[in-house]
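Biologist: I would like to learn how to read the features of a model such as this one. Could you take me through them in turn, giving the general idea before the particular case?

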Amino acid sequence: MSALLEFSAVSHAYGARRVIDSMSFSLQDGEIGCLLGGSGCGKTTVLRCIAGFETLGEGEIRLSGRVLADAAMAVPAHQREIGMVFQDYALFPHLTVEDNIGFGLSALARSERKSRVAAMLALVGLVSYAKNYPHELSGGQQQRVALARALATRPRLLLLDEPFSNLDVDLRERLSREVRDILKHEGVSAILVTHDQHEAFAVADKVGVMQGGALLQWATPYQLYHEPVSRYVANFIGQGVLVPGKVSGPRCLTLEVGEFCGLLPLGFAGGDTVDVLLRPDDVVHDDASEQTAVVVDKVFRGADFHYTLALPSGQHVLAQVGSHHNHAIGESIGIRLELDHLIAFKRE
Amino acid sequence: MPKLPALSGLTRWRVLLLLLSLLTLLPLAVIIPAVFSPDPAIWSHLVDYLLPQLFLNSAYLMLGVGCGVLLIGVSLAWLVAVYDFPGRRFFNWALMLPLAMPAYVMGFSQLGLFDYTGPLQSWLRASWGDSSWVPSIRSTPGVILVLTLAFYPYVYLLARNAFATQGRRALEVGQSLGLSRVQGFWRVALPMARPWIMGGLMLALMETLADFGTVSIFNYDAFTSAIYKAWFSFFSLDTAKQLASMLVLIVFVLVVLEQRARGRRAYTQSGRAAPLHRLPLQGGAAALAVLFASLVLLLAFVLPFGQIVWWSYQSLEAELNGDLLSYSLHSVVLSALAALLVCAVALLLSYAQRRAPSRVNQMLARLATMGYAVPGTVLAVGIFVPVAWLDNVLLGLFSSVLPQGTTAILKGSLLVLLLAYLARFLAVGHTSVDAAMHRITRSQEEAARNLGWFGWRLVTRLHLPLLRGGLMTALLMVFVDVMKEMPITLMTRPFGWDTLAVRIFTLTTEGEWERAALPAVAIVLAGLLPVILLSKEEN
């Protein structure tokens, strides 16, 4: 499968401030990608570069092999056939829902335009709102109109800028799945930008974690969670703690609670001191285990407990435990580590 | 002793609002019936000799000025809000400067510049021996040009703010849907800014309809100048009333048209889009932008202001005397009194709306501030008629007590003039006071009550300190507006109370432009204050 979008060694600066620093990634046809990062990490600027609203300082952007922009030239934004859903939706307040959706279709014949708009309305489930004005809709409905408007022109790539940030949490989760289904149904490739990890995991096939204008890792959500390549990614994605350990073999580590061996070489020399990532789901509660830890804090989350446990050395770890195992703070409980993925970073 | 039944707090506010709404309702109630029951003799005279021309002239002016202010105001607003070019920051505020100059000052100054004896034509004759090909500025296009230059800032200001918040964004949305920038401007940015542009256009058209000074100077037959003439040259108050009713009708139609055009659409600015970088203009495009903005600024402010400054300089010795001092004093005293009155009432109005926010009360408050839409000439007639009636009643009642030969009690008194100002400018004061009032949240008030403050203490310790900025702005705005005001002052001032504006009217109708320049400069300098304030608020 060939790459649809190739973002190669792109840099961008606002005046003296470098917001994207030699960043590269590529997106396959039909894939949904996501750029994840805190505010000011440059993720929105990446989107604006792809859309054609910003010029490149260095590097190159290609769509289906054709150069869209490099340091010397840029295809005008309106000729790129790239759709965009804006953070504030940017619906046209003076047009009805159907006119908003049909806005980009002026090249089509009247009847074609009508049927396309009808199809889009059906796709996003807003058929009965065709004649309404945007302000008469709820936030979630406005969001879907914005999506339909962008999809109506059959863009080769769809960009979504923090698409769910204006919605409340409940709606956010539901709509993010819905948007994924719609995109997959239409076979549209897309890139979304968000600061919300749950949103990224719910929608995207590939997620890129950004920090300070650089892309730290571009991988599937599974890989990001279980195989983070840097401390920052490990901390940013999911929960977990880093505990000290010593390298005892090419694939093995010694921790306070015993020796563990992974499937892959660790890339450290024997005897090196390292920090090892322990996710809450790596620490398993087992009454039969001889290894114990003291409950320091607990959060009941309905389906499970999140315990903060103190190992004999005083080191804290997190444990995710089934909701029937209700233990009091101060109690000692038996634990066992299930480390399928050994992730270690050199001690700093 | 039997006690009168006490009015409840809410009722008291309602009574206050009712009284205030009478300020505009009463004059309108006096004027409007004339539309439906015209005096046959006057009516046939008007239809035969006056009305066709007046309607035609009003239509020309509105069409011409409407197109003019849209063209200049919107294009300048777009340039300044979305693009970057040399001098953009300067033009950003400098293009508001014509607001400081009343249209009638602009009018006689432009006449001086472009008339047969003016510097342009004199220079043409000296260089080429002929200037007869230059179209006369004393014409319909001439009046349109002057009013356009005077009123385009309304459209410019409102459109610029709309474009600044959503202009570049609108282009981007358009581009993401396959529109070029040019298409994006016409199909997205312009329609989205429509309510603001229309708001500016409405202001400009209202001012055009209400303009009295400029059309008088140009001897152009408009409703306002005809009302004045009917009353003060032909002494027919009934004709003036009839004409005023026609003018109110036009204003009413304008307001209804604007309301209907909006329909169900609601234009709120959605979201909190990050401020976007302006698009830089280069080379020829940048030069054109600078040239266009400079040309407008030159014609609308630099040249006319330079002209009156030059005249003032030349006539300084002859004109700088005790008379000018007394005109200035009258202007300042009247403006200050009116500003205080308007702000006090605006504060009451705002407070009433807050304390008793029912639908009826909101409507009454809107009625009370409607006077800004009523041209000054109409208001003058509409207030004079009931006052004259009241005077007759009072004279009948107290004839035994009053000295022999008393013909007026309220007529021609300062009180009537101030009430007329109040009716006309209450909206100006109310806007800024109310904006400040809205910034005091309900929870701030409740917090203060919770801490044990109430009644007058609450007002002086919470409200007034927080409202100070808004009140100062309101005072300044009203002060300057009254200073510039011409028709109401002219028509209802007490004997001997000539102001700078009245002086300008007297001199310009006699063609004594040079002598009118000094009072005009004084008014423009005062007018600069709110413009400076406005540009400061933005930064």
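Modeller: Let us start with secondary structure, where helices (H or I, at least four residues) and strands (E, at least two) are DSSP runs, numbered from the N terminus. Chain A has eight helices and 20 strands, and its C-alpha atoms fill a box of roughly 75 × 50 × 40 Å, taken along the principal axes. This is a predicted model, in which local features need pLDDT of at least 70 and side-chain atom pairs count only at pLDDT 80 or more, while totals for chains, interfaces and linings use all residues. Residues are numbered from 1 along each chain as its sequence is written, with chains lettered from A and ligands numbered from 1 in the order in which they are written.

Biologist: How many domains is chain A divided into, and how far apart do their C-alpha centres lie?

Modeller: Domain bounds come from an automatic or database domain assignment, and here chain A is divided into domain 1 (3-234) and domain 2 (240-346). Their C-alpha centres lie 38 Å apart. Two residues are in contact if their C-beta atoms, placed from the backbone, lie within 7 Å; the contact between these domains takes five residues from domain 1 and five residues from domain 2 of chain A.

Biologist: Is Gln141(A) buried, exposed or partly exposed, and why?

Modeller: A residue is buried if 20 or more other C-beta atoms, placed from the backbone, lie within 10 Å of its own, exposed if 12 or fewer, and partly exposed in between. Gln141(A) counts as partly exposed because it has 17 C-beta neighbours inside 10 Å. This residue lies in helix α4 (residues 139-152) of chain A and, not counting residues up to four places away in sequence, touches Leu126(A) and Tyr129(A). Across chain A, 41% of the 348 residues count as buried.

Biologist: What does the packing of helices α5 and α13 of chain B look like?

Modeller: Axes are lines fitted to C-alpha atoms, for helices over the stretch in contact, and angles run from 0 to 180 degrees between N-to-C directions. Helix α5 (residues 103-114) and helix α13 (residues 283-319) of chain B pack at an angle of about 80°, with their axes 9 Å apart. That makes α5(B) roughly perpendicular to α13(B), a label given to angles of 65 to 115 degrees, whereas those under 35 count as roughly parallel, those over 145 as roughly antiparallel and the rest as oblique. Among the residues that meet are Val105(B) and Met106(B) in α5(B) and Leu303(B) and Pro304(B) in α13(B).

Biologist: Which elements of chain B touch chain A?

Modeller: In this interface, 21 residues of chain B are in contact with 24 residues of chain A. The elements giving two or more residues to the side of chain B are α7 (140-176) and α8 (181-192), and α7(B) gives the most, with five residues.

Biologist: Which residues have the most contacts inside the largest nonpolar core?

Modeller: In soluble globular proteins, nonpolar side chains tend to be buried together. A nonpolar core is here a set of buried Ala, Val, Leu, Ile, Met, Phe, Trp, Tyr and Cys residues joined through C-beta atoms within 7 Å. The largest has 253 residues, and those with the most contacts inside it are Val155(B), Ala159(B) and Val478(B). Helix α7(B) gives the most to this core, with 20 residues. Val155(B) itself touches residues including Val69(B), Leu70(B) and Ile197(B), leaving aside those up to four places away in sequence.
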